[in-house]
Amino acid sequence: MVIIKQLLSEAQISGFRDNLNLVPWLDGKETAMGMAASVKQNAQANPEDPRVKQLSNQLLGIFGAHPKLVSAALPHRIFPPCFNRYATDESYGFHVDAAIMRMPNSQDVLRSDMSMTTFLSDPDSYEGGELVIQTEFGEQRIKGQAGDAVLYLSSSLHKVTPVTKGQRLAAITWMQSLVPDAPMRSILHELDQSIQTLLSNPDIERQELDRLHHVYHNLIRQHTQV
Ligand code: NI
């Protein structure tokens, strides 16, 4: 599980919030895949609406260009983000995300390796609405700041606890990674983070950095599946 702080700027957050006030919303059950529908209680911005498509594309562009996100997920395909809203008393019970998703208006399918929630509401503006993820280290409960994102394995059971006051707005997406093996992806992410830290250290010899870069790219080459 990786938390990406401030994936969105203040200006971007308010832009999305303002625009999402103007779009049509559907019952979330309509877009739930398979078993998930029975436990899903929320609303989803209509993905067919042109304004929603535009917001989704805008967010997709931000995701694809974000170095931390690219480093952690090594995305091959990113599903156009969906926007969801939990009003008071709404929740999403434990479920696993669908393994295979058809990309909208395309013949391509996406294998969901990682799921990502981007928080759009200020955590102080609602009560409850925590994202709970079952991991090998037990349950992780996350309630991010507006603009923060959390990346987690799509294979993990997760839920959103009932919102007891206010409303919770978020964007969700799924990614197929170039590196399907989750432990390897995590090692590559660590290596990249270390390289990035060394890059900002003026005392590090260029040659050593080049060597580490070389190792990183050769590992990517070896473990990539496209
Ligand atoms: Ni889910």
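Which residues coordinate the nickel ion? The legends below start there.

**View 1. The nickel site.** The nickel ion is held by His95 through NE2, Asp97 through OD and His158 through NE2, at 2.1 to 2.2 Å. Donors here are N, O and S atoms within 2.8 Å of the metal (3.2 Å for Na, K and Ca), and water is not among the atoms, so sites may look incomplete. Along the sequence, the donor residues follow the spacing H-x1-D-x60-H. Asp97 sits in the loop between strand E7 (91–95) and strand E8 (100–102), and His158 belongs to strand E15 (residues 158–160), so this pair ties together parts that are 61 residues apart in sequence. Helices (H or I, at least four residues) and strands (E, at least two) are DSSP runs, numbered from the N terminus.

*A note on the model.* This is a predicted model, in which local features need pLDDT of at least 70 and side-chain atom pairs count only at pLDDT 80 or more, while totals for chains, interfaces and linings use all residues. Residues are numbered from 1 along each chain as its sequence is written, and side-chain values use heavy atoms, with hydrogens and water left out.

**View 2. Where the two domains meet.** The domain assignment, automatic or from a database, gives domain 1 (2–177) and domain 2 (182–223). In this view, 10 residues of domain 1 are in contact with seven residues of domain 2, contact being heavy atoms within 4.5 Å. Between them the domains bury about 600 Å², 60% of it on carbon and sulfur atoms; buried area is the accessible area (1.4 Å probe) that two parts lose on being put together, summed over both. Ser71, Ala72 and Leu74 lose the most area on the domain 1 side, together 62% of what that side buries.

**View 3. A salt bridge from Lys5 to Asp148.** The side chains of Lys5 and Asp148 meet in a salt bridge at 3.0 Å, N to O, where the term requires a side-chain nitrogen of Lys or Arg within 4 Å of a carboxyl oxygen of Asp or Glu. The structure holds eight salt bridges, with zero between domain 1 and domain 2.
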